[in-house]
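Thank you all for coming; I would like to walk through one model this morning, going from strands to helices and ending with a few backbone details.

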Amino acid sequence: MKTIDKVSSVRGTVCAPPSKSYTARALLLAAMSEGETRIVRPLDSDDSRYMLEAIKKIGYEVAGTFDGGLTIGERVGISANDVELHVGNAGTTMRFLTGVLAFTPGRFILRGEERMHERPIGDLVDALLRIGTEVEYLEREGYPPLRIRGRIMRGGFEVELDGSTSSQFVSAMMMAGATLSGGIRIRVRGLSSRPYVEVTRSILRSFGGEVDEPEPDVFHVHGSRLVRSEYEVEGDYSSASYWFAAAAACGGSVTVEGLQPESAQGDAAFLDILSDLGAVIDRRGGSVTITAREQLRGGSFDCNGTPDIVPTLAAIAPLASHSIEITGVPTLRVKESDRIASVATALGALGAVAHEREDGIVIEPGWNERPAVIDPHGDHRIAMAFAIAGLARGNVTIGDERVVSKSYPRFWRDLDQLVTSSERAT
């Protein structure tokens, strides 16, 4: 358990950790590429380790460390037996591997933790089955675990895919399609979290892939020669959002370094949301400084393209002068937890009033100061978001602080260092 005390204001500098989204994609594309690829500054987290371990078990050569850089080479072995891959609760790894392994020679079984087996994957599997791949459910239809019999296919397919549950289905099909000599055309219905698809398009291009969008929500993935000798992972705006929120909630000023100014990451839009709420944003190259000079304002925000920052926004919403409405995020129901329900429960523990909706939440101003224990429900983003609420409110204890290792293992160290630097500045 981790107890968070109230601070009068925050002042300091934090270096953003490497992007979880880019790390997962870079590791897999490095394996899919010709020759060796060195990944510089990959994120060392639970999810990254699940992806890397899967790549090793599939038969690819891997050298190096997360700290010093990882080199991924050619596939050197193909097992005649089922290769069991366990991905924990890493939805990105489960979905990306489902797509890519369908076109990778071998027999694979994809499993995860209990929560992973409750997260739907049927839309992706249905699309794969329609083009002749061999994927089957081992337990409940529409959900992992899966058995995949992968084989090389020429491609040239056109497939319809429902992207309303997760944009990761689209990204999985894009990366898988890049291995097909004839490519693939993906017609997406109900695309959610589009910025994550743009992240996939951008990194595919950097590895030599080509993805066109000839008409809205139709992606033509050309058969390409993937090759890249070295790739450096950029900083993570999702992780940076906690420090942006700390400045907005507590007052003072926080600078976050190590961010790509023109990033494809959708969560960079959190800066625009904070600006609308009254925070002052100063962007200079790869660093962003957030300064709070007044009480946060209320407002309504469609976060369909930025679902990962919803817990962060919700956690500081009770500080606003008027209610904050968050809409457009039904996909949060099938994340590491039901994030809409988890957020509402956590806000209730703080004494705040929240109105849960099917696709979002409305948070009223105000909370109490009684001691509160936050159950993150195994969800890293709930733990980190409500730690920031703790800085502004005090008397907050995070029930299981270890869950942050999924995406940001250094979080508690960075938080403690920010508190220490803030105390010195006052």
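This is a predicted model: local features need pLDDT of at least 70, side-chain atom pairs count only at pLDDT 80 or more; totals for chains, interfaces and linings use all residues.

The element names follow DSSP runs, numbered from the N terminus, with helices being H or I of at least four residues and strands being E of at least two.

In a regular strand the side chains alternate between the two faces of the sheet.

Let me turn to an open sheet of four strands, ordered β2-β15-β17-β16, with mixed pairing, where two strands pair if DSSP finds at least two bridges between them. At its edges stand β2 (10-15) and β16 (280-284), each with a single partner strand, so one side of each is left without a neighbour in the sheet. Neighbouring strands of this sheet are turned against each other by 10° on average, direction ignored. β2 and strand β15 (residues 252-257) run parallel and are joined by six bridges, with Val-254 in β15 as the bridge partner of Gly-12. Helix α7 (residues 237-250) lies across β2, β15 and β17 (287-292), and runs at about 170° to β15, while helix α8 (residues 270-277) lies across β16 and β17 at about 145° to β16.

Now to the helix pairs, for which axes are lines fitted to C-alpha atoms, for helices over the stretch in contact, and angles run from 0 to 180 degrees between N-to-C directions. Helix α5 (residues 168-177) and helix α6 (residues 194-206) pack at about 15°, with their axes 9 Å apart, and they are therefore roughly parallel, a label for angles under 35 degrees. On the α5 side the contact (heavy atoms within 4.5 Å) is made by Val-170, Ser-171, Met-174 and Met-175, and on the α6 side by Tyr-196, Val-197, Thr-200, Arg-201 and Leu-204. Helix α2 (residues 46-58) and α3 pack at about 25°, with axes 10 Å apart, and are therefore roughly parallel to each other as well. Here Asp-47, Tyr-50, Met-51, Ala-54 and Ile-58 in α2 meet Thr-93, Phe-96, Leu-97 and Leu-101 in α3.

I will close with the backbone. Most residues other than glycine have a negative phi, and most peptide bonds are trans. Arg-41, in the loop between β3 (37-40) and α2, has a positive phi near 60°, and counts as partly exposed at 27% relative accessibility. Ser-193, in the loop between β11 (184-189) and α6, has a positive phi of about 50°, but is buried, with a relative accessible area of 4%. Finally, Pro-144 and Pro-145 are joined by a cis peptide bond with omega about 5°, and Pro-145 is found in the loop between β8 and β9.

Notes. Residues are numbered from 1 along each chain as its sequence is written. Side-chain values use heavy atoms; hydrogens and water are left out. Angles under 35 degrees count as roughly parallel, over 145 as roughly antiparallel, 65 to 115 as roughly perpendicular and the rest as oblique. Buried means under 20% relative accessible area, exposed over 50%, partly exposed in between (1.4 Å probe, protein chains only).
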